[in-house]
Amino acid sequence: MAFDFGTLALGGALSTITDPEALFDALPNKADGYGYLRAVQSDVLEAWRARRESRDLVIKTNTGGGKTIVGLLILQCSLNEGRGPAMYITADAHLASQVRKEAESLGLAVSDSPDDERFLAAEAILVVSIGVLINGKTRFGMEGSTSGRQPVAVGSVVIDDAHAAVTELESKSTLRVPSGHDAYEKIMDLFLDDLEAQSSATLLDIASGEHAAVMRIPFWSWRKKRSQVLEALHPHRTEKAFEWAWPLLADELELCQAAVTSDGIEIKPQCPPIQKFPSFAEAQRRVYLTATLAEDSILITHFDADAASVAEPVVPASATDLGDRLILAPMSLNPRIQHAQVREMAAGLADRHNVVVLVPSHARAEEWADVATATVSTMDEIGQQVQRLKSGHVGIVVIVNRYDGIDLPGDACRVLIIDGIPQVYTGIERREAAALRKSRAMTSRQVQRVEQGMGRGVRSRDDRCAVVILGAGLTRLLASADAASQLSPATRAQLAMSRTVSTGMNGAGADDVVSVIEQVVSGDQKFREASRGALKGVVYGPATIDPAARHLRDAYNAAVRGDARAAVTHAEAAVAAAHAIGDARYAGWLSETLAGYTDAVDSAKAQADLADGRIHNMGILRPITGAAYQPIKAATAQSDASRDYLRDNYANGAELILGAQAILDDLTWNTTRTTEAEMALADLAPHLGISSQRPEDEHGVGPDALWALGNHTYAVIEAKTGAQGDTIFKKDINQLAGSVNWCRSQYGADAVIIPVMVHRKTLVERTGTAPAGTKIVDAEGLKALKAALTSFHLALGDDYRNSTTITAQLAANMLTADQIFGSDSPFCKPTRMQR
């Protein structure tokens, strides 16, 4: 006869186990391969047990450390002790599906619907993506919602891959009004004069469809006209483009920032309104699972997590569970190695191994088109290719702007190439990135994204991968001491080992790089021993926290509850915190946030805060009264000025070559990178000993770049690197003429002004009139100029502190102040008129 084992009530016993390791051992229906916990899982679960009463807790594990099982066990134990319902949140739907499969392999009950009675009764763990929770039509209920749906009470929440989830959280908290929409036109008309007062040239760029152009609507105008904005938006609240975000922003519209681009208007709060979702905001336990990244400030600003707890994460006992990884930067080994050579090298490796290339943009992906097996950008496309990579040999797969949420274990990825610094895409993000360039805050963000990318190819202790860093900007970034200090201890140790290898390969060619990569991929015993040795003794310490983070979240929270003066106090503390760590540019950027809060209580003080902020960061809004223009002064001796600038900014010749190449990489024909090209033109000048400014960016009038060539001579430069078509449009040539007139008004009738435009073509539209003496740096000329600049910096090498050498190389490459835009310049051509 059959015995009824149910009489033993083992199920009841399981539901009383609140120790996660004991629970794992007791689970009766685990799939094959789930016999025991890894040491790292036991480490962090034991640490969680001691701190389980902490409301906010960060748990870090190395890539492939099994954090999904950790999160599921924590939630099941929470259910067992009466801290339910329990919810597991992922960054996207694909990852949620994977987590549910993992739970089923453990024998744990899970659900995919917030309406499931098992979830509501705390009998199953709900597993959903963050987009299911955070949206204006959420099925979890929202604070202040008129839908009648009561918020779902949740006791315990785990957010997996919390840093990746932030991207979706920001997206769901942003209202986008597409260009051409009725509300877009109404809002543009409403703020046309305010935007023109900030920069008439940028406003023209937006009107003409230039993708990279972005402007923030001044906060004082936004506040004053908030009723008209509401009238423009409210009728469309149920439309598809509005309905998911509008309920999140409608009652705090005046606290939002609004940015205008040619694609639309973006409206976004200073911090995500996480407080509107009680299912998360009021949960008794909130656990954030992350990789072992060093910087966790975003958990405070975006999830309103407790700063003290975030600063003391639960971490593995050591870093020795990380796989073997060698990080090579060919351009640092030999500055003469070009991008094309690395692509050729990758193509050869792809005959035998899977090679994955992470690129920041579709434009960069195009450079790989001739060797790539596939190029993917959407999550569905990426998911399909990842499955192919896991199933066998594919070749080269290029993934666009995705640095997290992708698992490529074992042979799925033996060579990982990170080609270029990650880029941002929304208008608000682009504006912030431009304002924060060269700041420690931006370096930290970039380093974190790159480290996330590095983790894609090593998913367990026994895994191995060669990581190739490509692009002068990225190579220089990771070579800096400041960036290295912001990596996790394990990655920092592997990078240090990799630099030792690189030192022994100094001057190596592409073939030598391939040889070393093959050693890594094949599992060379000595490499693996060296890799393990590099991680020996490495431990994880406290997280790095931006001291401004808590103040920024507190300022937003105060403003939301209507305490404007408290918001100002917290924002002032944020600015002071940024100054305290020596990041003046970041402090200047935060001054705009401070001024926005201050405007609610003292509009005159708000304008003064802006003026103070612009002392440190000219990328923020201009005060109503503006600031007096300060004329540029030419260097007394070009070669001496070049020597002084290079000496102050570069530690050695190799760093100089990388730094210069990084600037040249930004000076390219690209519709989405025109701001970077403008900055590059201004940044290149001091390398040559020429003083430069960006008047249009800094004052809202004048050219994109102004070079003082000496002898009261000035090059007025307009960059049209994103221009399309076969002619120079009338509006563009008129803009150059306007900049010439501005320069004349500032420097006098006796000034010698050279009008210069960087444009693919030299033919001016029939209705346009070029200023006298206009010179065009066309496609051919820009190629020649970049070649000359490369030659100049390569020739200097470690002799860049020698004025005599600089003088000789400036002349040899036609880069003296007299030559570069002179009558015999190889870089410039005269305009032609359309007939």
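Reader: In β15, which residue is the bridge partner of Val355?

Author: This is a predicted model, in which local features need pLDDT of at least 70 and side-chain atom pairs count only at pLDDT 80 or more, while totals for chains, interfaces and linings use all residues. Residues are numbered from 1 along each chain as its sequence is written, and side-chain values use heavy atoms, with hydrogens and water left out. Strand β12 (residues 355-359) and β15 run parallel and are joined by 4 bridges, where two strands pair if DSSP finds at least two bridges between them and strands are DSSP runs of E with at least two residues, helices being runs of H or I with at least four, numbered from the N terminus. Within β15, Val355 has as its bridge partner Val415.

Reader: Which residue of β16 does Leu416 stand opposite?

Author: β15 also pairs in the parallel sense with strand β16 (residues 464-470), over 5 bridges. In β16, the residue opposite Leu416 is Val467.

Reader: Is the pair formed by the rings of Tyr288 and Phe303 stacked, edge-to-face or tilted?

Author: Rings of Phe, Tyr and Trp (its six-membered ring) pair if their centres lie within 6.5 Å, and planes under 30 degrees apart count as stacked, over 60 as edge-to-face and the rest as tilted. A search of the whole structure finds 9 aromatic pairs. For Tyr288 and Phe303 the centres are 5.8 Å apart and the planes at 50 degrees, so the pair is tilted.

Reader: How many residues apart in sequence are the parts that this pair of Tyr288 and Phe303 ties together?

Author: Tyr288 is buried, with a relative accessible area of 0%, and Phe303 is buried, with a relative accessible area of 0%. Because Tyr288 lies in strand β10 (residues 285-290) and Phe303 in helix α15 (residues 297-303), the pair ties together parts whose separation in sequence is 15 residues.

Reader: Within what arc do the buried residues of α18 fall, seen down its axis?

Author: In helix α18 (residues 339-349), the buried residues are His339, Val342, Arg343, Met345, Ala346 and Leu349. The arc is that of the directions from the helix axis to the C-beta atoms. These residues line one face of the helix, because they fall within an arc of 160 degrees.

Note on methods
Buried means under 20% relative accessible area, exposed over 50%, partly exposed in between (1.4 Å probe, protein chains only).
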